[in-house]
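Subject: Structure for you, with notes

Hi there,

Here is the structure I promised to send over. Please open it alongside this email, and my notes follow below.

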Amino acid sequence: MAPALVTLLESKPLIAALGLATHAALAQGEPDASIWILILLGQSVYAALNFALISAGSVNTVFDAFVVTTTAFTVYFATIFTSIVIYRFFFHRLRHYPGPLLAKVTKFYSFYLTWGKVRYFAEVEKLHKQYGDYIRLGPRELSIADVDAVPVVHGALSKCTKGPWYQGGHHIEGSSLHTCRDKKEHRDRRRIWDRGFNAKALRDYEPRVMRHTTLLMDQLKERAGKTLRFSDWVNFYSFDVMGDIGFSRSFGMLEKGKEDQVIKDLHGSMEPLGIFRDIAWFTNLLLRLPVIQKTLKDFMKWTSHVLKDRKKVTPDKPDIFSWLLDPTEEEIPLHLNADTRLVIVAGSDTTASTLTWLMYELCKHPDQLHKLQAEIDRVAGEKTFLTCEDVENSPLLDGYISEALRLHPAVPSGVQRETPPEGIHIKDKFIPGNTIIWMPVHTIQRDARYFPKPLEFMPERWTTKPEYVVDKRAFLTFSTGPYKCIGEKLAMMEMRAVMANIMRNFDVKFAPSEDCDAIENQTKDTFTLTMGKLDVVMTLRGK
Ligand code: HEM
């Protein structure tokens, strides 16, 4: 048996054939979440073969055994890699789509694009200018900057599903509503979530929003006339609001004027997400390493503690978890930890970055700032403090927020979808099955075909100048279809309240030290945005 084993291992054609068969098998499915099993299997087979050769005495020395097995493994993996490269270049179903050569062979190309500045959306935008609307940006991935794709990829009747990017940490914390890939399970869970975001629920959240808005205004007033880091203060605000509305537990960041350690760690853990992006198998592999898992597990410890505490009380007014926690269940299901993180991340960084960008645009365009102040004065009458209700019907204010969201989408690279096995048609184009699709939101929302004068901050395009919105489908900032943002109305409520009260009470300008480099060039694309700083001076109006 053992001499036969040596013969087999030394037969290069046979080993190469095995390599080809392995590639053929891997190409059938989605091995991203199973690569770790393959690595373990490979190591075990390697060790077992060495052991078999040595114990059977079919080689003279241990070193000889290693030479035989290592040579066989080298031939095996070289065949797999060569076969993968040739297949992806010349035979792959996406071979006719243009794009950078390396991107056709490996997803590590996006790692190369993000390395350093972590601004993937900006790199993709350059590539679309070079290659057109449809680019192959990974072996089985397309980036599509054509709005006709929106209903087919994201619409209510779309057959596309969430891609492997969402698989990430399922093996640790289960799936959140956001990372849930099964359509039916998502629909069932979304129905429960919807109750926490309907008109009645939003009314119930209003006092909490107003409480934090008042506190923010107090803090800003205390710092009137001095340089203040606006990007930090809206960050404190949005996290405090989400903790309170989410599970009746504010982080107290507005009061302390500094970031909570839990949130600091959470932000720190998001950078790798920006760097490794959608190399799903690699991210999955990393998330199996104890050292990488630690941050997530520490955060889970915190969330399970928060949920246990939350379960013991019934808040006066319902919060989001009033709808998600089942009082009849003794144990808190694992996936609610992921949902807790979702509430915090989805609801906070997005709102804070939009408020920061809006403030940046207002400081850059004082004429627009004065126009908005005049509108808020009109709405406010004698009041100095405006409630959510006061400002819920100001198309002009909403136009300012929409314009900030258009120029600076909070999820700039868009979201990942995967085509069904039978593929999809977009106009005359056929997109084959199991193709990963990203629609680059930042690129699309700055496309002159959809928004003429795209780089101009022009809030009027949403009110008195509708000719500057040629195709509303291109406004993808909250996404669309069954997975669209559930928190859009809540976010609007918060942003209106903050902006209206700032406009009512303050004049604002860039701080003397502010050169705008950090916000313009150092804001990172970590799925949501990790904002560069913005320093402003706010002076009390009329003083
Ligand atoms: C300016 C503010 C916001 C923006 C631009 C925004 C944007 C988005 C986008 C683009 C998605 C789709 C993600 C995907 O398909 O992968 C999404 C989903 C989601 N957002 Fe927001 N969001 C904002 C605020 C909020 C707020 C305040 C909440 C409150 C908790 C929230 C909760 C969620 C949830 C739970 C999902 C997942 C929905 C699902 O998969 O069914 N978002 N958001």
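Before the notes, one definition: two strands pair if DSSP finds at least two bridges between them. Helices (H or I, at least four residues) and strands (E, at least two) are DSSP runs, numbered from the N terminus. This is a predicted model, in which local features need pLDDT of at least 70 and side-chain atom pairs count only at pLDDT 80 or more, while totals for chains, interfaces and linings use all residues. Residues are numbered from 1 along each chain as its sequence is written, and side-chain values use heavy atoms, with hydrogens and water left out.

**The open sheet**

Five strands make up an open sheet of mixed pairing, in the order β1-β2-β8-β5-β3. Its edge strands are β1 (134-138) and β3 (161-162), each of which pairs on one side only.

Strand β2 is worth a look for its side chains. In a regular strand the side chains alternate between the two faces of the sheet. In β2 both faces are covered: Glu141 and Ser143 on one side, and Leu142 and Ile144 on the other, are all buried (under 20% relative accessible area, with exposed being over 50% and partly exposed in between; 1.4 Å probe, protein chains only). Helix α7 (residues 120-131) lies across β1 and β2 (141-144), running at about 135° to β1 (axes are lines fitted to C-alpha atoms, for helices over the stretch in contact, and angles run from 0 to 180 degrees between N-to-C directions).

**Strands around β12**

Strand β12 (residues 535-540) pairs with β4 (residues 227-229) in the antiparallel sense over 3 bridges, and leucine 228 stands opposite valine 536 there. β12 is also joined by 5 bridges to β9 (residues 506-510), running antiparallel; in this pair, lysine 509 has valine 537 as its bridge partner.

**A helix pair**

Helix α18 (residues 335-364) packs against helix α20 (residues 395-407) at an angle of about 100°, with their axes 9 Å apart. That makes α18 roughly perpendicular to α20 (65 to 115 degrees; under 35 is roughly parallel, over 145 roughly antiparallel and the rest oblique). The contact (heavy atoms within 4.5 Å) is made by Thr354, Leu358, Glu361 and Leu362 of α18 and by Tyr400, Ile401, Ala404, Leu405 and Leu407 of α20.

**The iron and one more residue**

Which protein atom is the donor to the iron atom of the ligand? It is the SG of Cys485, 2.3 Å away, as the single donor from the protein. Donors are N, O and S atoms within 2.8 Å of the metal (3.2 Å for Na, K and Ca), and water is not among the atoms, so sites may look incomplete. Cysteine 485 is found in the loop between α21 (441-445) and α22 (488-505).

Finally, isoleucine 39 is found in helix α3 (residues 35-55), and at 38% relative accessibility it counts as partly exposed.

Best wishes
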